[in-house]
Amino acid sequence: MHLDQSGMEILDDEECRALLRRSTIGRIVFTLQALPTVQPVNFVYDGEHIVVKTSSVSRLATAASDTIVAFEIDDIDADAGRGWSVVTVGPARRVTDPGEVTRLSALPLRSWAPGERDQFIVVRPRLITGRRIPDRVPLKVPRP
């Protein structure tokens, strides 16, 4: 186990990708009107790309096309004092090729948000990093 200077376990690339494959909710970070914006999204990781489905008129579809974005997933157990986080950074693009739309439509991607989702955004992770809080004695936090 490798630890960073703050005592967090550094996850290797393989484990980060395994966590991406198992997760379905993440946060995409993009720039909107020159400011960073974070949006929770349903996603699927198809082994090479993070795939998100959104409305073609959404802020995400407009701002996250042909630009660099960050994407984050995590799992936190506050009571046990455990958790992990994976962050990816890479280019995002709108999918316009009909064949690719057909292929992506077959993925098990379901949106929780209401309304029509007719646009795929694909993120190609160029940098993937992950950290985990190592196992330790849980903190006893008083409950009100």
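Guide: One definition comes first. Buried means under 20% relative accessible area, and exposed means over 50%. Keep in mind that the model is predicted.

Visitor: Why is glutamate 100 called buried?

Guide: Glutamate 100 has a relative accessible area of 18%. The cut-off is under 20%, so glutamate 100 counts as buried. Its place is in helix α3, residues 98–105. Glutamate 100 touches Arg93, Val95 and Val122, leaving out residues up to four places away in sequence.

Visitor: What makes alanine 63 buried?

Guide: Its relative accessibility is 16%. Buried means under 20%, so alanine 63 counts as buried. Alanine 63 belongs to helix α2.

Visitor: Which residues does alanine 63 touch?

Guide: Alanine 63 touches Phe30, Thr31 and Leu32, not counting residues up to four places away in sequence. Take leucine 32 and alanine 63: they are 31 residues apart along the chain, with C-alpha atoms separated by 6.0 Å.

Visitor: How do you know that cysteine 16 is buried?

Guide: The value is 0% relative accessible area. The limit for buried is under 20%, so cysteine 16 is buried. Cysteine 16 sits in helix α1, residues 13–22. Its contacts, leaving aside neighbours within four places in sequence, are Leu11, Val86, Ile128, Thr129 and Gly130.

Visitor: How far apart are the C-alpha atoms of cysteine 16 and leucine 104?

Guide: They are separated by 22 Å. Along the chain, the two residues are 88 residues apart.

Visitor: Why is alanine 34 called exposed?

Guide: Alanine 34 has a relative accessible area of 70%. Exposed means over 50%, so alanine 34 is exposed. You will find alanine 34 in the loop between β2 (25–32) and β3. Its phi is near 70 degrees, a positive value in a residue other than glycine.

Visitor: Is aspartate 66 buried or exposed, and what makes it so?

Guide: Aspartate 66 has 69% relative accessibility. The cut-off is over 50%, so aspartate 66 counts as exposed. Aspartate 66 lies in the loop between α2 and β6. Its phi is positive too, at about 55 degrees, although aspartate 66 is not a glycine.

Visitor: How many aromatic pairs are there?

Guide: The count comes to one aromatic pair. The partners are phenylalanine 43 and phenylalanine 71.

Visitor: What makes phenylalanine 43 and phenylalanine 71 a pair, and why is the pair called edge-to-face?

Guide: A pair of rings is described by the distance of the centres and the angle of the planes. Start with the distance. The ring centres of phenylalanine 43 and phenylalanine 71 are 4.8 Å apart. The rule asks for centres within 6.5 Å, so the two rings pair. Now the angle. The planes stand at 70 degrees. Over 60 degrees counts as edge-to-face, so the pair is edge-to-face.

Visitor: Where in the chain do phenylalanine 43 and phenylalanine 71 lie?

Guide: Phenylalanine 43 is in the loop between β3 (35–42) and β4 (44–45). Phenylalanine 71 is in strand β6, residues 67–77.

Visitor: Are phenylalanine 43 and phenylalanine 71 buried or exposed?

Guide: Phenylalanine 43 has 2% relative accessibility. Phenylalanine 71 has a relative accessible area of 1%. Buried means under 20%, so phenylalanine 43 counts as buried, and so does phenylalanine 71.

Visitor: Which residues lie nearest the centre of the largest pocket?

Guide: They are Pro40, Val41, Asn42, Ser111 and Ala113, from a lining of 16 residues. Two elements give two or more residues to that lining: β3 and β5 (50–54). The largest share, four residues, comes from β3. By class, the lining has eight nonpolar, five polar and three charged residues. The volume of the largest pocket is about 180 Å³.

Visitor: How many helices and strands does the chain have?

Guide: The chain has three helices and nine strands. Of its 144 residues, 38% count as buried.

Visitor: Where is confidence lowest, and where is it highest?

Guide: Confidence is lowest in helix α2, residues 59–63, at a mean of 89. Confidence is highest in β4, at 97. The chain averages a pLDDT of 91, and 94% of the residues score at least 70.

Key: Residues numbered from 1 in each chain as written. Predicted model: local features only at pLDDT ≥ 70, side-chain atom pairs only at ≥ 80, totals over all residues. Heavy atoms only, no water. Phe/Tyr/Trp six-rings, centres within 6.5 Å; stacked < 30°, edge-to-face > 60°. Buried < 20%, exposed > 50% of the residue type's maximum accessible area, 1.4 Å probe, protein only. 1 Å grid on protein atoms, 1.4 Å probe; cavity = no way out; pocket = protein on both sides within 12 Å on 5 of 7 lines; lining within 4 Å. Points joined across faces, edges and corners; volume = space filled by probe spheres on them. Nonpolar A, V, L, I, M, F, W, Y, C, P; charged D, E, K, R; others polar. pLDDT = per-residue confidence, 0-100. Contact = heavy atoms within 4.5 Å.
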